[in-house]
Amino acid sequence: MKRFFKNAFFYILIAFISFALVASQAITRHMVMANIQNTANCLIAPSVDDRNLIINCTNLPQRVISPTPNLPPIPNPNLTDKERFLAAITGHLPTIPAPNTFEYILLRAYGAVFINQKPEIKLPPKVVFNNEQETKQFQSTLTLSKVNGTSNCYLQKSAADALNIAMQVQIPLKSGYGASDCTRSFATNLRFWQKYANRNTLEQVQLGKETKILGVVAPPGTSQHLWGLAVDLRVSNEVQKQALNKNGWYRTVEYDTLHWTYVGLPPERLTQFGFQNKVVGGINYWITPL
Ligand SMILES: [Zn+2]
């Protein structure tokens with residue numbers, strides 16, 4: 001009988017130890033899984049702001065935070081602005097136009113969008129669409145999303161999401177509500193051009209003899225508005241401007257004070273990618289270094 005109790009005690013002890021081991025393994029596994037989940041959440045943090053990313057990742061070990069994998073790599077700082085810009089857009093545009101061509105002039109004026117490093121952003125395959133059909137074909141590949149508080153202002157989803165965050169500070173559209181401030185058709189681009197310019201103006205632009213018109217209106221088939229990455233806004237104070245910049249939106253077309261482009265980079269990264277700051281009439285533009 002004494003031997004029976006001794007054996008029973010032994011088996012209970014073994015069972016208890018086994019249970020304790022399994023339980024501790026389960027707890028460890030749960031903690032590891034929770035950490036992996038946190039890491040995943042950190043990596044997909046939809047923000048162009050380094051500070052936001054760090055806030056989202058404060059519960060992670062330092063080795064996960066640095067380097068921040070969802071931010072694009074910085075181009076070689078030993079290169080010139082132009083070289084860094086071109087290096088960063090290579091692969092985003094199938095053919096980089098040769099200097100002094102019409103396409104190069106357009107890339108210089110409207111090419112800020114090609115710096116966008118976000119994989120979900122769709123960039124046009126060239127800087128000029130020849131007609132409505134080419135424009136529609138590209139636009140049919142876009143995932144568009146409506147800008148909050150507007151009736152029919154649509155932009156590429158990432159651009160709209162970033163603008164909606166910025167618009168927590170109230171920023172009115174140029175027209176107050178309309179589609180023409182956002183993604184446009186080829187026909188609308190052409191109509192605006194014909195309002196301010198003509199065939200002769202286009203020839204002068206193509207020859208590189210006229211550039212100022214590019215800040216007033218885009219030649220047919222070349223507007224950033226065709227790509228779902230631009231919006232016309234009435235920005236009247238520094239708070240609005242900073243909210244836009246912080247969310248990747250900038251003035252990139254010289255003289256066009258109402259026009260904002262989705263670049264998708266935080267302000268401190270613009271110069272790293274070759275952008276040059278130019279102040280015209282007290283307005284800050286971030287222009288391409290071409
Ligand atoms: Zn515009």
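Two strands are taken to pair if DSSP finds at least two bridges between them; strands (E, at least two residues) and helices (H or I, at least four) are DSSP runs, numbered from the N terminus. This is a predicted model, in which local features need pLDDT of at least 70 and side-chain atom pairs count only at pLDDT 80 or more, while totals for chains, interfaces and linings use all residues. Residues are numbered from 1 along each chain as its sequence is written, and side-chain values use heavy atoms, with hydrogens and water left out.

**Strand pairing**
- In S7, Asn284 is the bridge partner of Val279.
- Strands S6 (residues 276-280) and S7 (residues 283-287) run antiparallel and are joined by five bridges.
- Two residues lie between the strands of this hairpin, where Gly281 takes a positive phi near 60°.

**Zinc site**
- His225 (NE2), Asp232 (OD) and His259 (ND1) are the protein donors of the zinc ion, at 2.0 to 2.1 Å; donors are N, O and S atoms within 2.8 Å of the metal (3.2 Å for Na, K and Ca), and water is not among the atoms, so sites may look incomplete.
- The spacing of the donor residues in sequence is H-x6-D-x26-H.
- His225 and Asp232 are both buried (under 20% relative accessible area, 1.4 Å probe, protein chains only).

**Confidence**
- Mean pLDDT, the predictor's confidence in each residue from 0 to 100, is 83 for the protein, and 75% of the residues reach 70 or more.
- Residues 20-24 have pLDDT below 50 and zero contacts (heavy atoms within 4.5 Å) beyond near neighbours in sequence.
- Where pLDDT is low, the predicted coordinates should not be read in detail.

Key. Buried < 20%, exposed > 50% of the residue type's maximum accessible area, 1.4 Å probe, protein only.
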